[in-house]
Amino acid sequence: MIKSKYLLFGISFVCIGGYTVVFTSCAKEKGKLVAVAPPPAAVSFANDIMPIMTAKCTNCHSGGMQNPDLDTYTPLKASVDNGTFKNRVLVLQDMPPGGVPLSAADQQKIQVWLDNGAPNN
Ligand code: HEC
């Protein structure tokens, strides 16, 4: 009788311990996620996206040198709408060419802007 009581105590202790471990590991993971990827609250085409284009894209993609022109909204939006923009910049990551994709921060801005419907804001 005494033995089984100890056994029960032992089992419930292990269970509670198990829950504690699961709980703390979840809490840690949540904290980590927030720290790694704070989504930019609002992304503006003029203030966030255009500067990336000017710095990384328009030396080739402007003035009809290379389709699409990326120095104005309309042709850029057309390439968003036909899927090539996201595919080349975020999926294949071969634009800009040369083996160095956009920084994670720039890619995240573009992702948020696309998720918002690529507005001309
Ligand atoms: C060094 C010149 C150069 C730079 C810089 C460059 N591109 Fe390109 N891009 C090209 C060339 C050349 C092509 C056409 C050949 C190809 O599809 O690979 C192209 C093709 C594309 C296409 C596909 C167009 C289509 O209709 O299939 C997209 C979208 C694109 N680039 C976006 C970008 C973006 C966005 C940037 C900046 C982040 C960028 N490119 C930077 C030269 C460049």
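Reply: In the contact between the two helices, Phe45, Asp48, Ile49 and Ile52 of α2 meet Asp106, Lys109, Ile110 and Trp113 of α5, where two residues are in contact if their C-beta atoms, placed from the backbone, lie within 7 Å. The residues of this contact divide into five nonpolar, no polar and three charged; here Ala, Val, Leu, Ile, Met, Phe, Trp, Tyr, Cys and Pro count as nonpolar, Asp, Glu, Lys and Arg as charged, and the others, Gly among them, as polar. This is a predicted model, in which local features need pLDDT of at least 70 and side-chain atom pairs count only at pLDDT 80 or more, while totals for chains, interfaces and linings use all residues. Residues are numbered from 1 along each chain as its sequence is written.

Two packed helices are described by the angle between their axes and the distance between the axes. The axes of α2 (residues 45-56) and α5 (residues 104-115) come within 10 Å and cross at roughly 130 degrees, with axes being lines fitted to C-alpha atoms, for helices over the stretch in contact, and angles running from 0 to 180 degrees between N-to-C directions. The two helices α2 and α5 are therefore oblique to each other, since angles under 35 degrees count as roughly parallel, over 145 as roughly antiparallel, 65 to 115 as roughly perpendicular and the rest as oblique.

Leaving aside its neighbours within four places in sequence, Asp48 is in contact with Val43, Lys109 and Trp113. From C-alpha to C-alpha, Asp48 and Ile110 are 8.4 Å apart in space, although 62 residues separate them in sequence. Asp48 counts as partly exposed because it has 17 C-beta neighbours inside 10 Å; a residue is buried if 20 or more other C-beta atoms lie within 10 Å of its own, exposed if 12 or fewer, and partly exposed in between, with C-beta atoms placed from the backbone.

Turning to the whole protein chain, its secondary structure comes to five helices and zero strands, where helices (H or I, at least four residues) and strands (E, at least two) are DSSP runs, numbered from the N terminus. Buried residues make up 12% of the 121 residues in the chain. Among the contacts in the chain with a separation of 6 or more, 49% are accounted for by residues 24 or more positions apart.
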